[in-house]
Amino acid sequence: TIVGVVTEVWFRNPHARFYIDVETDSGDIEKWDTRGGSPSLMTRRGWTKDRIGVGDKITLRGHRAQQADRKLLSIIWVELADGTRLE
(Lines give C-alpha, C1' and ligand atoms only; values in the text may rest on other atoms or scores of the structure.)
Protein backbone atom coordinates (compact mmCIF):
# COMPACT_ATOMS: atom_id res chain seq x y z
CA THR A 1 0.00 0.00 0.00
CA ILE A 2 1.33 3.43 -0.92
CA VAL A 3 -0.02 6.96 -0.48
CA GLY A 4 1.05 9.75 -2.77
CA VAL A 5 0.27 12.56 -5.17
CA VAL A 6 -0.45 11.92 -8.85
CA THR A 7 2.09 13.57 -11.17
CA GLU A 8 0.97 12.08 -14.50
CA VAL A 9 -1.97 10.06 -15.84
CA TRP A 10 -1.54 7.74 -18.82
CA PHE A 11 -4.97 6.30 -19.73
CA ARG A 12 -3.99 4.41 -22.91
CA ASN A 13 -3.37 0.85 -24.01
CA PRO A 14 -1.97 -1.52 -23.05
CA HIS A 15 -2.33 -0.43 -19.39
CA ALA A 16 -3.55 2.71 -17.66
CA ARG A 17 -0.68 4.16 -15.65
CA PHE A 18 -0.55 6.63 -12.81
CA TYR A 19 2.78 8.15 -11.84
CA ILE A 20 2.85 8.90 -8.12
CA ASP A 21 5.20 10.87 -5.85
CA VAL A 22 5.40 9.14 -2.46
CA GLU A 23 7.06 10.84 0.51
CA THR A 24 9.21 8.48 2.58
CA ASP A 25 9.56 8.61 6.36
CA SER A 26 12.85 10.51 5.88
CA GLY A 27 11.12 13.15 3.71
CA ASP A 28 12.56 12.00 0.40
CA ILE A 29 10.28 11.64 -2.64
CA GLU A 30 10.05 8.27 -4.41
CA LYS A 31 8.62 8.24 -7.91
CA TRP A 32 6.30 5.26 -8.45
CA ASP A 33 4.96 3.87 -11.72
CA THR A 34 1.59 2.25 -10.97
CA ARG A 35 -0.34 0.25 -13.55
CA GLY A 36 -3.92 -0.85 -13.87
CA GLY A 37 -5.72 -2.88 -16.50
CA SER A 38 -6.56 -1.85 -20.03
CA PRO A 39 -8.54 1.40 -20.28
CA SER A 40 -11.58 -0.45 -21.70
CA LEU A 41 -11.60 -2.91 -18.77
CA MET A 42 -11.13 -0.13 -16.24
CA THR A 43 -13.94 1.93 -17.80
CA ARG A 44 -16.32 -1.03 -17.43
CA ARG A 45 -15.40 -1.08 -13.73
CA GLY A 46 -16.28 2.60 -13.25
CA TRP A 47 -12.95 4.28 -13.90
CA THR A 48 -12.82 7.14 -16.39
CA LYS A 49 -9.99 9.10 -17.93
CA ASP A 50 -10.76 12.08 -15.69
CA ARG A 51 -11.53 10.19 -12.45
CA ILE A 52 -7.96 10.57 -11.15
CA GLY A 53 -6.02 13.70 -12.04
CA VAL A 54 -2.65 15.32 -11.56
CA GLY A 55 -2.38 16.71 -8.03
CA ASP A 56 -4.82 14.22 -6.49
CA LYS A 57 -3.65 12.51 -3.30
CA ILE A 58 -4.57 8.82 -3.48
CA THR A 59 -3.95 5.54 -1.68
CA LEU A 60 -3.07 2.52 -3.81
CA ARG A 61 -2.92 -1.17 -2.93
CA GLY A 62 -1.18 -3.53 -5.28
CA HIS A 63 1.52 -6.01 -6.11
CA ARG A 64 5.06 -4.66 -6.21
CA ALA A 65 7.44 -5.59 -9.03
CA GLN A 66 9.96 -8.32 -8.26
CA GLN A 67 12.91 -6.01 -8.93
CA ALA A 68 13.70 -4.20 -5.67
CA ASP A 69 15.29 -1.25 -7.49
CA ARG A 70 12.07 -0.44 -9.43
CA LYS A 71 9.17 1.43 -7.89
CA LEU A 72 6.50 -0.38 -9.91
CA LEU A 73 3.08 -1.40 -8.58
CA SER A 74 0.29 -3.38 -10.28
CA ILE A 75 -2.91 -1.85 -8.91
CA ILE A 76 -5.49 -3.90 -6.99
CA TRP A 77 -7.47 -0.87 -5.81
CA VAL A 78 -7.24 2.90 -5.45
CA GLU A 79 -8.86 5.00 -2.75
CA LEU A 80 -9.59 8.63 -3.60
CA ALA A 81 -9.39 11.49 -1.10
CA ASP A 82 -13.18 11.37 -0.61
CA GLY A 83 -13.01 7.68 0.41
CA THR A 84 -14.29 6.31 -2.92
CA ARG A 85 -12.59 3.02 -3.75
CA LEU A 86 -11.99 1.95 -7.34
CA GLU A 87 -11.14 -1.70 -7.98
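This is a short tour of one protein chain, stop by stop. The model is predicted.

**Stop 1: the whole chain**

Show the chain as a cartoon. It has 1 helix and 6 strands.

Now zoom out. Along the principal axes, the C-alpha atoms fill a box of roughly 40 × 30 × 20 Å. Does the radius of gyration agree or disagree with that of a compact globule? It agrees, because a compact globule of 87 residues would have a radius of gyration near 12 Å, and the chain has 12 Å.

**Stop 2: the surface**

The accessible surface of the chain is about 5500 Å². Carbon and sulfur atoms account for 45% of that area. Of the 87 residues, 34% count as buried.

Next, colour by charge. The chain carries 14 positive and 13 negative charges.

**Stop 3: a cis bond**

Select Asn-13 and Pro-14. The peptide bond from Asn-13 to Pro-14 is cis. Its omega is near 5°. Where does Pro-14 sit? Pro-14 is in the loop between β1 (2–10) and β2 (17–23).

**Stop 4: the nonpolar core**

Hide the surface. Select Phe-18, Ile-20, Trp-47, Ile-52, Ile-58, Leu-60 and Val-78. These residues have the most contacts inside the largest nonpolar core, which has 18 residues. Which elements give two or more residues to this core? They are β1, β2, β4 (57–64) and β5 (72–79). In soluble globular proteins, nonpolar side chains tend to be buried together.

**Stop 5: Ile-58**

Stay in the core and pick Ile-58. Leave out residues up to four places away in sequence. Ile-58 then touches Ile-2, Val-3, Gly-4, Val-6, Ile-20, Ile-52, Val-78, Glu-79 and Leu-80. Among these partners, Ile-20, Ile-52 and Val-78 were also in your core selection.

**Stop 6: Thr-59**

Move on to Thr-59, in strand β4. Which residues does Thr-59 touch, not counting those up to four places away in sequence? They are Thr-1, Ile-2, Val-3, Trp-77, Val-78 and Glu-79.

Thr-59 and Ala-81 are 22 residues apart along the chain, and their C-alpha atoms are separated by 8.1 Å.

**Last stop: contacts across the chain**

Show the whole chain again. Take the contacts between residues at least 6 apart in sequence. Of these, 46% join residues at least 24 apart.

Terms used:
Residues numbered from 1 in each chain as written. Predicted model: local features only at pLDDT ≥ 70, side-chain atom pairs only at ≥ 80, totals over all residues. Heavy atoms only, no water. Helix = DSSP H or I, 4+ residues; strand = E, 2+ residues; numbered from the N terminus. Rg over C-alpha atoms; globule rule 2.2 N^0.38 Å. Buried < 20%, exposed > 50% of the residue type's maximum accessible area, 1.4 Å probe, protein only. Contact = heavy atoms within 4.5 Å. Areas by Shrake-Rupley, 256 points an atom, 1.4 Å probe, with all protein chains shown as cover. Lys, Arg positive; Asp, Glu negative; His and termini not counted. Charge placed at Lys NZ, Arg CZ, Asp CG, Glu CD. Core = buried A, V, L, I, M, F, W, Y, C linked by side-chain atoms within 4.5 Å.
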